[in-house]
Amino acid sequence: MASPLPPSPVGVRVRVPAKINLALKVGPPRPDGFHPLATVYQAVSLYDEVHAAWADPEEFEVEVTGEGADLVPLDDSNLAIRAARLLARTHGAHDSLGVSLSIKKSIPVAGGLAGGSANGAAALLACAALWDIDVSAENLRALAEELGSDVPFALMGGTAVGSGRGEEVAPALARGTYHWVLAFGHHGLSTPDVYRRFDELNPDAVQPEIPPALMNALRGGDARQLGAALSNDLQPAALQLQPRLRLLLEAGLEYGALGALVSGSGPTCAFLVDSESDAVDLSVALSAEGLCRTVRRATGPVVGARVIG
Ligand code: ATP
């Protein structure tokens with residue numbers, strides 16, 4: 001239950017990373033419409049920040065600044081608002097709770113990096129701290145699952161295997177730090193559109209399994225092996241919907257990336273390189289090609305959502 005006194009008048013700030021899918025294997029749609037997934041997530045150092053401050057009881061509001069802010073809904077469909085309301089309803093004295101959320105975005109919207117899910121995870125954590133709700137890690141994870149497939153991983157971070165529709169996550173045995181270049185597309189891709197195209201292209205999809213070569217590469221901390229093992233079943237669908245992405249992937253490989261793939265449902269493309277200096281070189285080269293909107297460097301794995309102030 002919530003304590004009667006606001007413990008933190010200045011608010012709580014949570015930093016939450018983007019994810020990429022090192023492997024994304026997709027099966028045929030289930031009766032509930034979701035697709036069974038076998039995926040390996042990695043959290044990378046591209047962060048959104050969610051700040052939570054007290055608002056009047058039953059007031060839930062959000063403002064968004066930064067990357068793609070004008071594309072983010074400000075009503076109850078915003079994942080951060082949904083997270084706050086869910087926590088208040090299930091774990092708090094909900095008629096005495098309210099929150100004013102501010103989201104500073106660096107993760108592109110509809111980019112395949114699970115920015116919305118990250119904001120949901122961050123809001124859960126920020127509101128629990130703000131309202132002084134003593135919610136166990138297990139309960140927090142159950143709420144995250146209810147909010148969406150990628151939300152539990154945003155809480156956990158690191159490198160993890162995801163199953164079910166992606167919401168069942170378990171840490172993966174992984175060594176080393178990997179250097180990534182992320183190229184943002186000019187326009188977002190709708191996740192449902194990409195899955196629809198996947199279904200058209202794969203009428204005989206089979207139950208998904210994680211590629212053993214990828215797990216071996218992670219266990220050995222071998223970036224070159226990892227680059228060769230990256231895979232995404234949604235990539236052909238994303239490339240059909242945005243054909244220019246193929247040129248971007250090819251350009252990155254020509255400039256020496258160890259591996260390249262569309263992240264999740266796209267259109268962000270992730271390029272694995274050997275070192276920080278290779279990441280700088282590739283970023284400059286890809287920016288000059290003009291095939292993407294923005295290029296960012298990131299490392300992974302990093303921790304999941306954390307309170308930073
Ligand atoms: P997915 O998790 O489905 O792969 P994505 O990473 O491609 O999604 P998101 O940035 O999560 O894309 O946004 C998907 C949609 O979610 C957006 O088009 C937007 O309408 C909605 N959305 C709701 N809340 C948020 C939020 N806080 N930040 C970004 N998008 C949000």
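Let's start with one residue. R296 has 37% relative accessibility, so it counts as partly exposed. Keep in mind that this is a predicted model.

Where does R296 sit? It is in strand 11, residues 294-300. Leaving out residues up to four places away in sequence, R296 touches L46, W180, V181, L182 and F184. Then there is V280. In sequence, R296 and V280 are 16 residues apart. In space, their C-alpha atoms are 9.3 Å apart.

Now the cores. In soluble globular proteins, nonpolar side chains tend to be buried together. Here, the largest nonpolar core has 69 residues. Which residues have the most contacts inside it? They are L101, W131 and W180. The largest share of this core comes from helix 2, residues 115-130, with 10 residues. There is also a second, separate core of 30 residues. V26, L248, V262 and L286 are among its members.

Next, helix 2 and its partners. Two packed helices are described by the angle between their axes and the distance between the axes.

Take helix 1 first, residues 79-91. Helix 1 and helix 2 pack at about 35°, and their axes are 7 Å apart. The crossing is right-handed. On the helix 1 side, the contact uses L79, A80, A83, A84 and L87. On the helix 2 side, the residues include G116, G120, A123 and C127. By class, that contact has 9 nonpolar residues, 4 polar and no charged.

Now helix 3, residues 137-147. The axes of helix 2 and helix 3 cross at roughly 145° and come within 10 Å. This crossing is right-handed too. G120, L124 and L125 from helix 2 meet L140, L143, A144 and L147 from helix 3. The count here is 6 nonpolar, 1 polar and no charged.

Last stop, helix 9, residues 244-254. Which residues of helix 9 are buried? L245, L248, L249, A251 and G252 are. As background, an α-helix has 3.6 residues a turn, so residues three or four places apart point the same way.

What covers that buried set? The cover includes strands 7, 9 and 10, along with helix 8 and helix 10. After helix 9 comes G256, with a positive phi near 105°.

Conventions:
Residues are numbered from 1 along each chain as its sequence is written. This is a predicted model: local features need pLDDT of at least 70, side-chain atom pairs count only at pLDDT 80 or more; totals for chains, interfaces and linings use all residues. Side-chain values use heavy atoms; hydrogens and water are left out. Helices (H or I, at least four residues) and strands (E, at least two) are DSSP runs, numbered from the N terminus. Buried means under 20% relative accessible area, exposed over 50%, partly exposed in between (1.4 Å probe, protein chains only). Contact means heavy atoms within 4.5 Å. A nonpolar core is a set of buried Ala, Val, Leu, Ile, Met, Phe, Trp, Tyr and Cys residues joined through side-chain atoms within 4.5 Å. Axes are lines fitted to C-alpha atoms, for helices over the stretch in contact, and angles run from 0 to 180 degrees between N-to-C directions. A crossing is left-handed if the near helix is turned anticlockwise from the far one by less than a right angle, and right-handed if clockwise. Ala, Val, Leu, Ile, Met, Phe, Trp, Tyr, Cys and Pro count as nonpolar, Asp, Glu, Lys and Arg as charged, and the others, Gly among them, as polar.
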